[in-house]
Amino acid sequence: MKKICLTICLLALTLGQATAQSSPSVQQQTSARLNTLSPQFLSGTHAMLRVTPEKRYLLLPVEEKESESKIRVIKDGHADASFDIRLATGKADYFVPLDLSRYGKGELLLDLVFTGNYRTVGNIEDYSCWKLMKQSDTFDTTNREQWRPQYHHTPAWGWMNDPNGMFYKDGVWHLYFQYNPYGSMWGNMTWGHSVSRDLIHWTHEPEAVLPDALGTVFSGSAIVDSTGSAEFGKNAVVAMYTSARENQTQSLAYSNDGGKTFTKYEGNPVLTAKEPDFRDPKMLWNDDTQEWNLVMATGQKMNFYSSKDLKNWKFESSFGEGYGCHKGVWECPDLMKMDNGKWVLVCNINPGGPYGGSATQYFVGQWDGHKFTCESKPETTKWMDYGKDHYATVTFSNAPDGRHVALPWMSNWQYAAVVPTLQYRSGNGIPRDLGIFTDEGEEYLSVKPSPEIMKAFSKKASSLGDACMIEVSGLRRNATIELSNSKNERVVMRYDAAEKSFSVDRMKSGKTDFSDVFPAVTSAPTHGKVSRVLIFIDKSSVEVFDGDGKFALTNLVFPTKPYDKLSVKGGKAKIWKMK
């Protein structure tokens, strides 16, 4: 595979938020069209466009209500790339860049095929996209979203879902993610890439792994091969991902520059199966057996494999039948050894979550390198988070000090495509460290905000804002915490000691009419008495953590103005702002 040559220069996102570049606004970008763009119309659904690159990008107008069109980029008679995009026929909602520089010098031929039957403009010649397309040396990533978070990771533009291939190396946290660079709806799955030194401030990098003839690039994992066992080089970063085409197969790519660019292994695919749902490989090194292990989501079970070289995998066993929740497809696994010697198998599921849609379940037990044995009864289901917006949660490989640092996709498949943002869709929840605790003879995952997150907040008390942390201590048996604004929008949190529950009510939290299932009350078991909770508020989210890590609730909210009033009954609150 050619090394990735897309080098869109985005400024680091201050507190996770895209900031203005020295580039024109959207209005300025749309004001001029180069005369070199002259489409040729072959039919009512087919056109070709010859483009002589004069500037770096071709800015493409997107109208989300339209059907997907397919664009093939042809150079010297060869299709170098193809992608789907909802090209505008009327008013453009936003623009996305096609990086012309990656194809070198010389003329390009864009082959465009339109689909669907509900376009409001009757003739292909009259589609607005022909007038709105333009070349530009810059692409404006200035934040234009009311609800873009300040300290949560989000893509600068485009669609994002599952975190992928996360690893830590040389002081840098690498986050890859399911990404559509050509629109804010799911599609064109590619590995986007962001890096951080503190898990708060993220710098967006070029796309890392792009689709090829084997298919689009679905979820997977990455490891640091410190011994060079795969023969890609000592300390090479090796990624395994699902190639999705007619079937789902597993492919390798490796990086010798610390994860910036990847070369695809010429022997791909390295693992295949007959099952239609066979995806999301999670690799890990097993110190006990001195070999690599692999967990694969396979329908409603997990398959386990072992390998000495990351290329040749031996099937070991399966787990899942009769255990936990089976109301949806199992996805995005993880497997980790905890400090007490127990192993935790993470299994994301969609649908089937405790409050509908997608969620993250897990199993505690033993793993001997060949077979996973769950120590709970088969009917027991344990959830990592009881909010509506916690999914595809996996951990960073090679994390320092043996930590298990997890990162969720902060959305739900029930409404992810219709949340009220356009420039981008979806962010990640805050990073959280996982541990283990015991309650009434059962072992559970503890979930705490990562230390890096706690260090990001000032210890000087402040007033309520749209990006802050609230610490409520001394909770009494029936405590109520309410966030509200002058528009009577509110989030109500309740602790019920008798029921051993903590709930979050977002029924009237702000804008909710984009989905019938968005208004919801979610509730978590407390596993004992609660004395302190931490509440992380960002522009479009409220995340609640028990002070001892015994429960977590992650929920999106879309208030039409920031919550500026805090009411606490049955506890004492302090508010901390970002440093």
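Buried, in this talk, means under 20% relative accessible area, exposed means over 50%, and partly exposed is in between, with a 1.4 Å probe and protein chains only. The structure is a predicted model, in which local features need pLDDT of at least 70 and side-chain atom pairs count only at pLDDT 80 or more, while totals for chains, interfaces and linings use all residues. Residues are numbered from 1 along each chain as its sequence is written, and side-chain values use heavy atoms, with hydrogens and water left out.

I begin with Ser128. At a relative accessible area of 15%, Ser128 is buried. Ser128 sits in the loop between β7 (108–114) and α2 (129–132); helices here are DSSP runs of H or I with at least four residues, strands are runs of E with at least two, and both are numbered from the N terminus. Contact means heavy atoms within 4.5 Å. Not counting residues up to four places away in sequence, Ser128 touches Ala88, Thr89 and Gly90. The side chain of Ser128 also reaches the backbone oxygen of Ala88 at 3.5 Å.

Next, the cysteines. A disulfide is a covalent bond between the sulfur atoms of two cysteines; the criterion applied is a pair of cysteine sulfur atoms within 2.5 Å. How many disulfides does a search of the whole structure find? The search returns 0. Cys332 is in no disulfide, and the nearest cysteine sulfur, that of Cys347, is 9.5 Å away. Cys332 is buried, with a relative accessible area of 3%, and Cys129 is buried too, at 0%.

I turn to Asn293, in strand β18 (residues 291–298). Is Asn293 buried or exposed? Its relative accessibility is 0%, and therefore Asn293 counts as buried. A polar contact is a pair of N or O atoms within 3.5 Å; within protein, one must be able to donate a hydrogen and the other to accept it, and residues adjacent in sequence count only if both atoms are side-chain atoms. The side chains of Asn293 and Trp367 form such a contact, at 2.9 Å. Trp367 is also one of the residues that Asn293 touches, leaving out those up to four places away in sequence; the others include Leu284, Asn286, Tyr305 and Trp313.

Trp576 lies in strand β42 (residues 572–578) and is buried, at a relative accessible area of 8%. A polar contact of 3.4 Å links the side chains of Trp576 and Glu471. Beyond its neighbours within four places in sequence, Trp576 is in contact with Glu471 and with others, among them Phe457, Ala461, Cys468 and Met469. The C-alpha atoms of Trp576 and Glu482, 94 residues apart along the chain, are 17 Å from each other.

Now the second largest pocket. On a 1 Å grid over the protein atoms alone, a pocket is an open set of points where a 1.4 Å probe fits, with protein on both sides within 12 Å along at least five of seven lines, and lining residues have an atom within 4 Å of a point. The second largest pocket holds about 630 Å³ of space. Of its 25 lining residues, Leu284, Trp285, Ser397, Asn398 and His404 lie nearest the centre. The elements that give two or more residues to this lining are β13 (216–225), β17 (278–286) and β21 (329–337). Which of the elements gives the most to the lining? Strand β17 does, with 5 residues.

Finally, the backbone. Most residues other than glycine have a negative phi, and most peptide bonds are trans. A cis peptide bond joins Asn268 and Pro269, with omega about -5 degrees, and Pro269 is in the loop between β16 (263–264) and β17. Another cis bond joins Asn350 and Pro351, where omega is about -10 degrees; Pro351 is in the loop between β22 (343–350) and β23 (359–367). Lys500, although not a glycine, has a positive phi of about 50 degrees, in the loop between β35 (490–496) and β36 (501–505). Lys500 counts as partly exposed, at 43% relative accessibility. His527, likewise not a glycine, has a positive phi of about 55 degrees and belongs to the loop between β37 (521–525) and β38 (532–538). With 15% relative accessibility, His527 counts as buried.

How values were computed
Grid points are joined across faces, edges and corners, and a volume is the space filled by probe spheres set on the points.
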